[in-house]
Amino acid sequence: MKALERAMKKDVDTDQQRGCTSQSGDTEMPVVVIDIETNLKIQGVPPMLRGVEENKKCYDPLVVSIGPFHHLKELHITEEHKIAIARQYAENGGQSYDLLYNKVKAIAGDARNCFSLNSSAEVELVEEKFTKMMFLDGCFILQFIRCFVNDLKDLKMKLYLAAFVKRDLFLLENQLPFLVLRELMSKNKEEEWKKMLSTFFNGVLVHPSDSPREIDFDQCAHLLDMIHTLLIDKVALSAPQHSKIDSDLFSCRSAKELKAAGIYFRPSQGHRFTDVQLRSMFKLIRFLELPPIIVDDSTKSILLNMVAYEACPDAPEDLWVSSYICFLDSLIDHAEDVKELRSKGILRNFLGSDQQVADLFNQIADNLVANPNAYAEVKNRLERHYKNKIKIWLAEWLHTHFTSPWTVLAFVGAIFALVLSVIQTYESVYATETAPCPCAAANHTI
């Protein structure tokens with residue numbers, strides 16, 4: 001084990017002697033030459049997305065590098081830290097440090113084939129160095145997740161630093177093939193790891209669920225793919241669309257406009273981006289149900305990296321995350337729209353002002369392409385609602401004159417008083433018509 005650690009330290013020193021790029025450096029990021037197959041899962045962020053100036057920092061790690069894309073950057077978590085954490089992971093799991101390394105070494109060739117990296121500046125990783133990188137990064141990820149779920153104090157890491165690490169684990173260019181993580185897990189503890197990962201992912205982007213979804217290890221490429229899968233309902237992907245619309249015919253309207261037209265908001269029962277429904281009440285009032293989403297400092301980075309993942313050539317072609325962002329952006333123009341969604345429990349704002357949230361979604365949605373069939377049924381029903389002039393007129397009249405419960409009570413009171421007045425008038429007239437004539441009564445007496 002000591003020999004292995006000395007070899008790792010030597011590799012770190014060699015990297016520093018090469019004058020490789022640091023986080024604050026201006027030179028081009030080095031890239032690894034790796035053999036590839038047809039099914040590529042871990043790729044760089046597409047240049048079109050990385051070229052957006054205000055979003056560039058969202059794709060780069062802040063405190064820890066995972067995998068070959070950023071492994072030469074000098075960040076807070078160094079190779080020495082990873083060696084110590086790898087030793088801790090082996091001890092906590094009751095496994096041999098060298099045995100774990102050999103497990104990764106056996107599948108290092110398959111792990112190489114999960115990467116696709118291209119650049120004019122190339123740094124070739126020899127087999128042994130690549131294996132060590134996979135081993136250290138894999139142990140770090142699993143030990144961090146274990147401590148994050150159970151007790152973060154075991155990791156001896158500040159809470160703010162742990163938050164940055166969790167953010168970095170969801171970067172597209174900071175992914176590790178899941179086959180490496182699975183090899184480092186004990187085969188007899190996979191069910192335990194499924195529960196830990198479900199707990200770790202629960203509450204990322206969407207409101208925490210009381211019953212987290214189960215994770216299928218056989219269908220996971222990496223952690224970002226895993227969270228992407230958890231946020232999408234595959235049944236919705238394969239469900240037939242009963243009504244498809246031309247995206248050019250769907251007019252985007254803000255939350256404030258929809259409310260004025262009789263379409264109100266409430267959180268959906270589900271916690272996935274595909275859980276969007278439009279439900280009716282009395283055929284006049286409609287409720288647009290959206291999954292409750294958490295907006296904090298990491299939201300922009302996670303969403304953009306999932307968009308980048310969807311933009312990769314071999315990624316799922318459904319574009320559900322991109323479509324959800326575009327749909328949410330169509331509802332949010334100004335702070336008033338955020339306030340409406342926040343008041344209904346759809347947006348949980350931990351970022352700052354409502355205007356900051358509005359700006360965030362407006363920025364993320366720039367240059368995004370949505371799936372034209374995503375939410376087609378909901379969009380079609382929204383469009384039909386707007387084409388019904390009577391419904392719109394009634395909804396706007398109700399929205400204008402009954403904006404508070406006091407006006408509703410006053411209106412009900414006025415209607416009640418009017419009904420009582422009509423009843424009293426009717427009874428008075430009816431009593432007069434049916435009353436006997438006094439003259440007739442006098443003649444009858446005589």
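Lys156 is exposed, with 78% relative accessible area (exposed means over 50%, buried under 20%, and partly exposed in between, using a 1.4 Å probe and protein chains only). The model is a predicted one, in which local features need pLDDT of at least 70, side-chain atom pairs count only at pLDDT 80 or more, and totals for chains, interfaces and linings use all residues. Residues are numbered from 1 along each chain as its sequence is written, and side-chain values use heavy atoms, with hydrogens and water left out.

Back to Lys156: its phi is positive, near 55 degrees, though the residue is not a glycine. Lys156 sits in the loop between helix H6 (127–149) and helix H7 (159–168); helices here are DSSP runs of H or I with at least four residues, strands are E runs of at least two, and both are numbered from the N terminus. Leu205 is another non-glycine with a positive phi, about 75 degrees, and belongs to the loop between helix H9 (190–201) and helix H10 (223–230). Leu205, however, counts as buried at 5% relative accessibility.

The axes of helix H13 (residues 299–310) and helix H14 (residues 320–331) come within 8 Å and cross at roughly 130 degrees. Axes are lines fitted to C-alpha atoms, for helices over the stretch in contact, and angles run from 0 to 180 degrees between N-to-C directions. On the H13 side, Leu303, Met306, Val307 and Glu310 meet Trp320, Val321, Ser322 and Ile325 of H14, where contact means heavy atoms within 4.5 Å.

Three strands form an open sheet in the order E5-E7-E6, with mixed pairing; two strands pair if DSSP finds at least two bridges between them. Strand E5 (263–267) and strand E6 (277–281) are the edges, each with a single partner strand, so one side of each has no neighbour in the sheet. On average, neighbouring strands are turned by 30 degrees against each other, direction ignored. E5 pairs with strand E7 (residues 285–290) in the parallel sense over five bridges, and Arg266 stands opposite Glu289 in E7. H14 packs on this sheet by touching E5 and E7, and its direction makes about 135 degrees with that of E7.
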